[in-house]
Amino acid sequence: MLKITRLPEEMQDFFAVAADGLTFRQKAHLVVYIVGLLLGAGRGNVASLSRLRTDGRHRTTLSYFLTHSPWDGFSIVQRVTLWQIERLRKQPGERSDPDCDTIFPTIDDTKQEKPGKKMAGRHRLYDSSNDRYINGTDVVEVVIRFRGHVFPWASQIVLTEEQAKEAKRPHKSCVEIGAELLATFDAPEGLKVRVLFDTAYLAECVVKVVNDKKWKIVSRAKPNRVVFPGRGRPKADGKNQHVGQYMRNCLRRGSRYVEIGKGKLSRRCKVAVREADLQGVGRVTF
């Protein structure tokens, strides 16, 4: 039977970072989980992972490690992510490339169907990707993209008002949670930051975090968002332009064609660049 008797040499640097601050027993549990899952031992449950141990401890200690042991899983994930980013940074003598010098934090949420009835945050919600209602959870996530690699950073389950009240926690929307998770990230010195998200997260609370950290945003805006061209003042009659109408006008006047992509995937697209004020966001470049 397969047993974990020592750490593979290739993983020793990883565990030196991941297990920093853990006790001896906590590190042993972490090693069993990660190495066991990578080896594909059994079905990946606690019982099959426990068979990889050589210290004779009962499988319930692995369960206790996950549910009760005082260790911070998110801090481990974030330490490892920053460590990986430092390893991937441009080396001396390497040619300059915008993608090598820019880090891309990304906010999004995912809806996961859950068959169990006693799971945190489980409720009936609409899954737009599959166009149906499901019983599951809505999870907001922040991931970090750097030099073609994607690393996890933070995630949080969205609770309904009733669930938040029962848990004695303030109710927060996906956008508010996304802004809080993004605020926990501090980019390594010397790297440019471009935050990526879709139209749902183009909100004042997210933009405030980005502005406070002096980052840049790349996002879409819904066609019905109000935009103020020129000096950014709303019209006295209240008939302001919307993004969809404004961009159609821009494409009709002063646009140009550019080639995007290479080879068979290349496309000739019509583009226009304008600066205007977006309601609730401020000065942006379209």
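This is a predicted model: local features need pLDDT of at least 70, side-chain atom pairs count only at pLDDT 80 or more; totals for chains, interfaces and linings use all residues.
Visitor: Why is Cys-269 called partly exposed?

Guide: Its relative accessible area is 26%, and partly exposed covers what lies between buried (under 20%) and exposed (over 50%), with a 1.4 Å probe and protein chains only.

Residues are numbered from 1 along each chain as its sequence is written, and side-chain values use heavy atoms, with hydrogens and water left out.

Visitor: What does the chain average in pLDDT?

Guide: It averages 82, and 90% of the residues score at least 70. That score is the predictor's confidence in each residue, from 0 to 100. Among the elements, helix H6 (residues 98–101) has the lowest mean, 70, while helix H8 (residues 174–183) has the highest, 92. Those labels come from DSSP runs, numbered from the N terminus: helices (H or I) have at least four residues, strands (E) at least two.

Visitor: How many aromatic pairs are there?

Guide: Six. Take Phe-14 and Phe-15, with 5.1 Å centre to centre and 85° between the planes. Rings of Phe, Tyr and Trp (its six-membered ring) pair if their centres lie within 6.5 Å; planes under 30 degrees apart are stacked, over 60 edge-to-face, and the rest tilted. At 5.1 Å and 85°, Phe-14 and Phe-15 therefore make an edge-to-face pair. Both of these residues are buried, and together with Trp-83 they form one aromatic cluster.

Visitor: Why is the pair of Trp-153 and Phe-185 edge-to-face?

Guide: The ring centres of Trp-153 and Phe-185 are 5.0 Å apart and the planes stand at 85°, so edge-to-face it is.

Visitor: What does that pair tie together?

Guide: Trp-153 lies in strand E4 (residues 149–157) and Phe-185 in the loop between H8 and strand E5 (192–197), so the pair links parts that are 32 residues apart in sequence. Both Trp-153 and Phe-185 are buried.

Visitor: How do you know that the charged end of Arg-268 sits over the ring of Tyr-257?

Guide: The charged end of Arg-268 is 4.2 Å from the ring centre of Tyr-257. The rule asks for NZ of Lys or CZ of Arg within 6 Å of the centre and within 35 degrees of the ring normal.

Visitor: What makes E3 and E4 a pair of strands?

Guide: Eight bridges join E3 to E4, and strands pair if DSSP finds at least two bridges between them. The two run antiparallel, with Val-143 opposite Pro-152 in E4. They form a hairpin with two residues between them, and Arg-147 in the turn has a positive phi of about 55°. E3 (residues 132–146) also pairs with strand E1 (residues 102–113), antiparallel, over 10 bridges.

Visitor: Why is one side of strand E8 left without a neighbour in the sheet?

Guide: Start with the sheet: four strands, open, antiparallel, in the order E8-E7-E11-E12. Strand E8 (241–242) and strand E12 (282–285) stand at the edges with a single partner strand each, so one side of each has no neighbour in the sheet.
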